[in-house]
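Good morning, and thank you for coming. I shall describe one protein chain, beginning with the whole and then turning to some of its parts.

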Amino acid sequence: MYATDEYADIEQKILNGERLTREDGIRLFKCHDIAWLGNMADMVRKKKCGDIVYYNVNCHVNLTNICTSHCKFCAFGKDKDSKGAYAFSVEEALNVVRDAKKDPNLAGLHVVSGLHPDWTFEDYLERLQALHNEFPELYLKGFTGVEITHFSKISGLSVEEVLKKLKAAGLKAIAGGGAEILSDRVRTELCPKKATADEWIEVARTAHKLGIKTNASMLYGHIETIEERVDHLIKLRDLQDETGGLQTFICFPFLPKNTELGKSVKQTSMWDDLRTMAISRLMLDNIKNIKAYWVMLTVPVAQIALGFGANDIDGTVHKETILHDAGATSPTALSEDHIIKIIRDAGRIPAACDCNFNILRRFD
Ligand code: SF4
């Protein structure tokens, strides 16, 4: 099955279940045999996770797009006086979910937002608490390591105190965004105002200590090097060795449209997306779930990615706005029937789950 003799040693390690090194990861990014890479990742996926593909019936609630951070890769964040800037009142946030509740299978909320210059931590907390009070049955995942670092800074509370308050207000898990590339070089260039790599990791570490699960992501395809992608994966793998609290890893290809970087950076190719998905599965040997996020990958590529190591396809994603502002060409939501069909057509078993991967329904 070797791609070439050049990769025989790596294939043997994968077959033996041995951990891949940084050098192995870098070599894999240079491998042109994409079918071999897919086969390797798919074999590991099957061994670890079987044929179930998880999805959730979920709704995104982006409380505000007003943000002080001005990250160069972002098309969502706006200044207060910009066209299209908004900040939801408590009632407006509730209305988003009241509308999404027309779907009787709605199981979870994904709440992420901009870093509003005037909002206090209590403003975010109040909205979270209101969502939990009115919809206690919905699984609340929300806020990234970037937002939580920001809450700590504006409130004077420690990250641990912030997390305890969010947990008391109903938060069950933390979203994986904001990790971008965990490299100070990249962050200084692209998003110097927000959480550093160490701060992002410290939020996840503290959350795990408190029993709050988190997700992790990688935004790739901008100014990062292949070495920085691999180092990012290894930082997450090290964290997982230490805490075991990462539930899912999500690869986010950078969408350049409408961003400051858009003039100089081209969108990743499907091959880069599939290669990155497969290498993530192979390098992250201690993270069970690898997500093919159809909103960014597009539905057809996400479906193919199920054969490149992914075992999770996110969900119906009612009300997604962040990535569609960046030119995502995927639909703004998918019906549950459509998600089930995508998974079945890929030869796998769809299973609706909550944000903690508890299976609610499965369709063998
Ligand atoms: S990526 Fe997040 S923190 Fe950065 S500008 Fe956009 S909304 Fe703000």
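**The chain as a whole**

The chain contains 15 helices and 11 strands. Please keep in mind that this is a predicted model.

Let us begin with overall dimensions. The C-alpha trace spans about 60 × 45 × 40 Å along its principal axes. For 364 residues, a compact globule would have a radius of gyration near 21 Å, and the chain has 19 Å, so the two agree.

How much of the chain is buried? Buried residues account for 59% of the 364 residues. The accessible surface amounts to about 14300 Å², and carbon and sulfur atoms contribute 52% of that surface.

Contacts also tell us how the chain is folded together. Among contacts with a separation of 6 or more, 74% are between residues 24 or more positions apart.

As for charge, there are 46 positive and 51 negative side chains in the chain. The centres of these two sets are 2 Å apart.

I turn now to helix 1, which covers residues 8-16. Its buried residues are A8, I10, E11, K13 and I14. Which elements do they pack against? The buried residues of helix 1 pack against helix 2 (22-29), helix 3 (34-49) and helix 11 (270-283). After helix 1 comes G17, which has a positive phi, near 70°.

Helix 5, residues 121-134, has 14 residues. From its first C-alpha to its last it reaches 20 Å, close to the 20 Å expected at 1.5 Å a residue. The buried residues of helix 5 are F121, Y124, L125, R127, L128, A130, L131 and H132.

What covers the buried residues of helix 5? The cover includes helix 4 (90-100), helix 6 (145-155) and helix 7 (159-168), together with strand 3 (108-111) and strand 4 (139-142).

**One residue**

Finally, consider I343, which is located in helix 15, residues 336-345. Is I343 buried or exposed? Its relative accessible area is 0%, so I343 is buried. Leaving aside residues up to four places away in sequence, I343 touches V53, Y55, L306, I313, R348, I349 and P350. G177 is 166 residues from I343 along the chain, and the C-alpha atoms of the two are separated by 24 Å.

That concludes my presentation.

How values were computed:
Residues are numbered from 1 along each chain as its sequence is written. This is a predicted model: local features need pLDDT of at least 70, side-chain atom pairs count only at pLDDT 80 or more; totals for chains, interfaces and linings use all residues. Side-chain values use heavy atoms; hydrogens and water are left out. Helices (H or I, at least four residues) and strands (E, at least two) are DSSP runs, numbered from the N terminus. Buried means under 20% relative accessible area, exposed over 50%, partly exposed in between (1.4 Å probe, protein chains only). Contact means heavy atoms within 4.5 Å. The expected span of a helix is 1.5 Å times one less than its number of residues. The radius of gyration is taken over C-alpha atoms; the globule rule is 2.2 Å times the number of residues to the power 0.38. Accessible areas come from the Shrake-Rupley method with a 1.4 Å probe; for residues, only the protein chains shown count as cover. Lys and Arg count as positive and Asp and Glu as negative; His and the chain ends are not counted. The place of a charge is taken as NZ of Lys, CZ of Arg, CG of Asp or CD of Glu.
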